[in-house]
Amino acid sequence: MTTTRTAVQVPWARWLVRGFSIVACIVLWHLASVLHLSLGFVTFRNVPPPTEVLQSAIILLKSPKLLAHVGSSLWRVFAGYGAAVLLGIGFGFAIGRSRAASDLLLPPLELLRPIPAVAWIPLSILIFPSSEMSMIFITFIGALFPIILNTVHGVANIDRRLVASARSLGGTPAAILREIVLPGAAPSIVTGLAIGMGTSWFCLVTAEMISGQFGIGYYTWEAYTLQNYADIIVGMLIIGLLGMGSSWLLTTLGHYLMPWRQPAVAR
Amino acid sequence: MNIRISDVSTRSVGRIGIERISISLGDGADAFEAVRDLDFAIAPGELVCVLGPSGCGKSTLLGALAGHLPVTQGRLTVDDQAVLGPSPDRGIVFQQHTLFPWKRVRDNVAFGPKMRGVGRSERYQAADEILRLVGLEGFERFYPSQLSGGMQQRVEIARVLINRPRVLLMDEPFGALDAQTRSMMQEVLLDIWTRIPTTTIFVTHDIEEALFLADRVIVMSARPGRVIEDIRLPFGRPRRAELVTEPDFVRLKRRILDLLRQPDSPEPLARLSPLGIR
């Protein structure tokens, strides 16, 4: 009964509820910071109210600093994540399709996989002379493993009846890879890309906080050390927006590349 | 490539030779003989149904003819050429779910010509033509998941026949369909087969289906599968739905039922597939 009623509910009413939920969160935040709410184990005394954050955001929007910070973060993600996509999908295909490649490549990857990407930060600072390269490397490592593993999963789980059909219809090994294995593994690959994108941003922000000179993670951390508390939240919100934007990009790409599936990526 | 129907009907290609073959499946201690000592020939243009209990190796034989399974002993030939691997000359239709989900119906059907290097407009034209023949005009731009089970099997048949194979191998192609769609599809198949006469081996465990479709029914024993009866059917063509109630039909049905229900026949085994054990 309840489910039926929710199903037929008018769309605008649902949007109203959703909008209300966001407004309520902002109001609670405002109250907590204006009243200097303190619960003992957590205190909002140093948390700036939304209005102050908005003012800081407007100042940042008008200053050239924003472009420099966001630009260098985007570049690092583009380079590190891009390399992870190319290498991850390449390795994934090799491991998923060939037993020799799997025996050769999988053992070291399995050993390195459980190490969280953030744990690579000290070593990568030592390995790479430029901090720029070390941050790109961390971003790369963060995205690499989810992309490899999901590609392997997708490639290895192709229905062999499809491959057999293609062979019976005259498909050469190269054609089968292109026409059957690639589209068959695509949903799983896109899932890997989405997970990789998340970890990529996570690793980048962490790396920037430790060794950056520009970048949105660096901006957020600098705001903390300079006690510009409103800027901390501005930085956080920008990181959130960038993450949201890149995951939207991936979902859209997934829909576009896989029109035969209805909702391509899980949210 | 156009389907020149008059040409095809005069072809005398598609002779299948099954010469004392045995096929073993599985590795090591789990290995078993799926079929033993099969020995028969199929004439060009014949429609042969292979009947047998579940797990008797009839699909295994089909897989070997398609080139997906090696024979352990003996020799398989099509037009005196040994079967060495998969080829578009030997089209195979599986029970279900082997259309490429990411290709539209037209691209699924045009896959064979594409692999031969036929240009896009030419292969689309051929695909549309054969889709019309199987009664799917207007569905060219659909994805397989948007079609019913029966329509998907029509696409499967079209996708194989566009290559004008020497032989058509069908592994319980209507096994997953409901009774009504199934009997409609049997008539569709006979109609297509009349227009594009192709040597056909049709594997099924449905006795009525075999009797309705075939020129000849080969009955196999339980594992290891051997031929226990080879029956040439006396029914003329075209076949009509009323055939199934005629006395001759019923008599043959009873005879095959008796063959399959031998007192010493064990419980039916797990189904084998043309690609091996599963």
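This is a predicted model: local features need pLDDT of at least 70, side-chain atom pairs count only at pLDDT 80 or more; totals for chains, interfaces and linings use all residues.
Q: Does A:Phe202 count as buried or exposed?
A: Residues are numbered from 1 along each chain as its sequence is written; chains are lettered from A and ligands numbered from 1 in the order in which they are written. A residue is buried if 20 or more other C-beta atoms, placed from the backbone, lie within 10 Å of its own, exposed if 12 or fewer, and partly exposed in between. A:Phe202 has 20 C-beta neighbours inside 10 Å, so A:Phe202 counts as buried.

Q: In which helix of chain A is A:Phe202 placed?
A: Helices (H or I, at least four residues) and strands (E, at least two) are DSSP runs, numbered from the N terminus. By that numbering, A:Phe202 has its place in helix H9.

Q: How far apart in space are A:Phe202 and A:Ile239, C-alpha to C-alpha?
A: In sequence, A:Phe202 and A:Ile239 are 37 residues apart. In space, their C-alpha to C-alpha distance is 9.3 Å.

Q: Which helix gives the most to the side of chain A that touches chain B?
A: Two residues are in contact if their C-beta atoms, placed from the backbone, lie within 7 Å. The contact takes 15 residues from chain A and 21 residues from chain B. On the side of chain A, the elements that give two or more residues are helix H8 (160–168) and helix H9 (173–211). With 7 residues, the one that gives the most is H8(A).

Q: How many nonpolar residues does the side of chain A that touches chain B have?
A: Ala, Val, Leu, Ile, Met, Phe, Trp, Tyr, Cys and Pro count as nonpolar, Asp, Glu, Lys and Arg as charged, and the others, Gly among them, as polar. On this side of chain A, 4 residues are polar and 3 are charged. The number of nonpolar residues is 8.

Q: Where in chain B is confidence lowest?
A: Chain B averages a pLDDT of 88, and 93% of the residues score at least 70. Confidence is highest in helix H3 (residues 105–109) of chain B, at 96. Over residues 1–9 of chain B the pLDDT is below 50, and this stretch has 16 contacts in the model beyond near neighbours in sequence. The lowest mean, 47, belongs to helix H1 (residues 5–10) of chain B.

Q: What is the radius of gyration of chain B?
A: Chain B has 9 helices and 10 strands, and its C-alpha trace spans about 55 × 45 × 35 Å along its principal axes. The radius of gyration is taken over C-alpha atoms, and the globule rule is 2.2 Å times the number of residues to the power 0.38. For 278 residues that rule gives 19 Å, and the value for chain B is close to it, so chain B is as compact as a globular protein of that length. The radius of gyration is 18 Å.

Q: Why is strand S9 (residues 216–220) of chain B largely enclosed?
A: S9(B) pairs with strand S3 (residues 47–51) of chain B in the parallel sense over 4 bridges, and with strand S10 (residues 227–232) of chain B in the antiparallel sense over 5 bridges. A hairpin through 6 residues joins S9(B) to S10(B). S9(B) is largely enclosed by the rest of the structure because its buried residues number 4 of the 5.

Q: Which residue in S10(B) stands opposite B:Ile218?
A: B:Ile218 lies in S9(B), where it stands opposite B:Val50. Towards S10(B), B:Ile218 stands opposite B:Asp230.

Key. pLDDT is the predictor's confidence in each residue, from 0 to 100. Two strands pair if DSSP finds at least two bridges between them.
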